[in-house]
There are 2 protein chains.
Amino acid sequence: MASAEFWYEFASTYSYPAALRVAALAAERGVSLVWRPFLLGPIFAAHGWRDSPFNIYPAKGRNMVRDCERQCAELGVPFRLPAPFPAMSLLAGRVALVGLQDGWGEDFSRAVYRAEFGDGLDISEPTVVSAIVGNLGHDADPVLARAQSAAIKSALRASTEEAERRGIFGAPSFVSAGELFWGNDRLEQALSWAKRP
Amino acid sequence: MASAEFWYEFASTYSYPAALRVAALAAERGVSLVWRPFLLGPIFAAHGWRDSPFNIYPAKGRNMVRDCERQCAELGVPFRLPAPFPAMSLLAGRVALVGLQDGWGEDFSRAVYRAEFGDGLDISEPTVVSAIVGNLGHDADPVLARAQSAAIKSALRASTEEAERRGIFGAPSFVSAGELFWGNDRLEQALSWAKRP
């Protein structure tokens with residue numbers, strides 16, 4: 001079966017519509033999908049950025065907000081920029097890895113994006129993340145404890161290093177048939193690529 | 001009649017497919033189009049960039065080349081990165097303004113993009129620009145002389161200042177019903193916006 005990787009970062013605005021769209025589109029096309037949470041912070045830091053480029057370059061940031069509003073309106077979902085932006089996504093990324101090991105990571109990831117960019121919640125708050133885990137029917141305390149284990153911490157670090165090694169510089173990204181695709185706008189093309197003969 | 005502005009810079013890779021696509025799509029939708037050449041250099045300089053972000057950030061640059069190859073392949077046109085990249089686009093921008101005054105600026109603009117990103121020519125070379133003007137059936141020498149007049153120089157400078165004032169930070173950009181859209185990927189949405197009730 002054709003497969004593609006979906007690389008996402010919870011602080012990333014354009015990963016939100018991508019995360020909401022990708023599963024249905026992959027299923028439609030018969031592409032199996034690997035969800036790969038990672039952190040952009042260390043990759044941006046290597047570019048000399050200590051903040052989101054959307055904050056560093058205000059004109060780019062203003063366009064991003066309006067563009068996300070328009071794109072999300074077409075999708076029929078709300079968009080708001082959470083404060084602070086970008087959110088600290090470390091905890092959510094670690095919990096996503098726990099969830100992906102246990103089979104509920106995709107639902108968790110979509111729920112985090114909806115909480116963050118739909119409801120404007122601060123996903124760095126353990127109470128916000130716990131509530132999402134609880135709403136998925138899981139006992140949050142042991143999940144959050146496992147998210148802080150050495151194994152999960154180093155797994156997220158390894159994913160981030162792998163992303164950088166593979167040339168990923170932004171989110172969402174897709175790797176499909178050995179090629180890198182960047183951005184929510186390339187989701188469809190990346191999935192089609194997975195099926196090329 | 002609904003109208004939209006197409007803001008483009010001759011050094012910009014993604015302005016190439018946009019320039020080749022925009023006229024037919026605007027005509028199909030009944031949107032009248034205003035072609036607005038401008039320079040990104042002064043806008044990038046205000047960001048602290050003395051070079052293309054695609055050169056400053058090599059991973060981004062590698063993705064841009066491959067992405068343009070894929071996008072242009074879908075369009076059925078060749079793509080190659082000219083050397084040097086980015087091209088010095090000042091002369092072509094000025095000649096485009098002359099051409100737009102005289103009714104051949106759109107054809108000239110498409111021809112410059114094809115020469116630069118299809119054939120890999122250096123569009124900073126007056127001989128390259130002269131050949132394009134000549135191929136369009138115009139006498140190149142007086143056109144190039146007029147392109148270096150104070151009136152045209154200041155018109156291009158004014159366009160660039162207007163772009164910055166209107167929040168344009170990259171190319172191609174579209175202004176449609178008072179809203180800014182950035183990127184070849186937003187061409188269709190920008191044209192649709194012009195027709196909103």
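**Sheet and symmetry**

Author: In chain B, strand β1 (residues 3–8) runs antiparallel to strand β3 (residues 173–176), and 4 bridges join them. Strands (E, at least two residues) and helices (H or I, at least four) are DSSP runs, numbered from the N terminus; two strands pair if DSSP finds at least two bridges between them. This is a predicted model: local features need pLDDT of at least 70, side-chain atom pairs count only at pLDDT 80 or more, and totals for chains, interfaces and linings use all residues. Residues are numbered from 1 along each chain as its sequence is written, chains are lettered from A and ligands numbered from 1 in the order written, and side-chain values use heavy atoms, leaving out hydrogens and water.

Reader: In β3(B), what is the bridge partner of B:Glu5?

Author: β1 and β3 of chain B are antiparallel. In β3(B), B:Glu5 has as its bridge partner B:Val175.

Reader: In what order do the 4 strands of the open sheet in chain B lie?

Author: The pairing is mixed. The edge strands, each pairing on one side only, are β2 (32–37) and β4 (179–182) of chain B. The order is β2-β1-β3-β4.

Reader: By what turn can chain A be laid on chain B?

Author: Copies are superposed by least squares on the C-alpha atoms of residues with pLDDT of at least 70 in both. The RMSD is 0.0 Å and the shift along the axis 0.0 Å. The two copies are thus related as by a two-fold rotation axis. The turn is 180°.
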